[in-house]
Amino acid sequence: MSANQVAIRANGPYVCTGRIIVCDDAGSALREGAQVALCRCGASNDKPFCDGSHNRVGFADAGGCAKPEAGAVSGDGPLRVTVKKDGPLFLEGPVQVQAADGSVAFSGDKTWLCRCGQSQNKPFCDGTHKKVGFTG
Ligand code: FES
């Protein structure tokens with residue numbers, strides 16, 4: 001199992017633990033640490049970080065995963081999270097994503113997670129951010 005974990009919180013953020021490096025789309029580091037909470041409702045005023053706005057806007061998502069993607073995880077390197085402009089979080093590096101019920105939503109070393117809050121295939125990005133004009 002990877003040392004890097006992303007826990008999906010019901011009605012709340014992604015809580016990333018391990019060796020986490022959050023970068024902007026240009027590759028500049030925004031934050032590095034052992035625990036980072038990232039917005040997944042799309043409403044934070046401190047994107048890509050969670051500022052508790054999910055409570056303010058009444059974000060309602062149980063944090064499940066209809067289509068888990070469980071693959072092999074190799075290595076013990078850091079998890080690099082690139083915040084795509086007006087789009088998803090791009091995860092690179094060994095990681096396991098846990099649904100709110102503790103089941104594995106994803107394991108592997110490359111995936112895209114929704115941060116606009118409106119994907120129909122959460123936690124994964126399905127391109128809905130373009131349709132809804134997500135910015136951030
Ligand atoms: S970021 Fe939400 S669907 Fe792409």
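The legends below describe close-up views of a predicted model. Residues are numbered from 1 along each chain as its sequence is written. In this predicted model, local features need pLDDT of at least 70 and side-chain atom pairs count only at pLDDT 80 or more, whereas totals for chains, interfaces and linings use all residues.

**View 1. Order of the elements.** The protein has 2 helices and 7 strands, which follow one another from the N terminus as β-β-β-α-β-β-β-β-α; helices (H or I, at least four residues) and strands (E, at least two) are DSSP runs, numbered from the N terminus.

**View 2. The largest nonpolar core.** This core has 28 residues, and those with the most contacts inside it are C16, L38, V81 and L113. A nonpolar core is a set of buried Ala, Val, Leu, Ile, Met, Phe, Trp, Tyr and Cys residues joined through C-beta atoms within 7 Å, where buried requires 20 or more other C-beta atoms within 10 Å of a residue's own, with C-beta atoms placed from the backbone. At least two core residues come from each of β1 (5-8), β2 (14-23), β3 (29-38), β5 (79-83), β6 (89-98) and β7 (104-113).

**View 3. Strand β5 and its two pairings.** Of the 5 residues in β5, 4 are buried. β5 pairs with β2 in the parallel sense over 4 bridges, and I20 has L79 in β5 as its bridge partner; pairing requires that DSSP finds at least two bridges between two strands. With β6, β5 pairs in the antiparallel sense, also over 4 bridges, and T82 stands opposite F90 in β6.

**View 4. The turn between β5 and β6.** These strands form a hairpin with 5 residues between them, and D86 in the turn has a positive phi of about 55°.

Notes. Buried ≥ 20, exposed ≤ 12 C-beta atoms within 10 Å, placed from the backbone.
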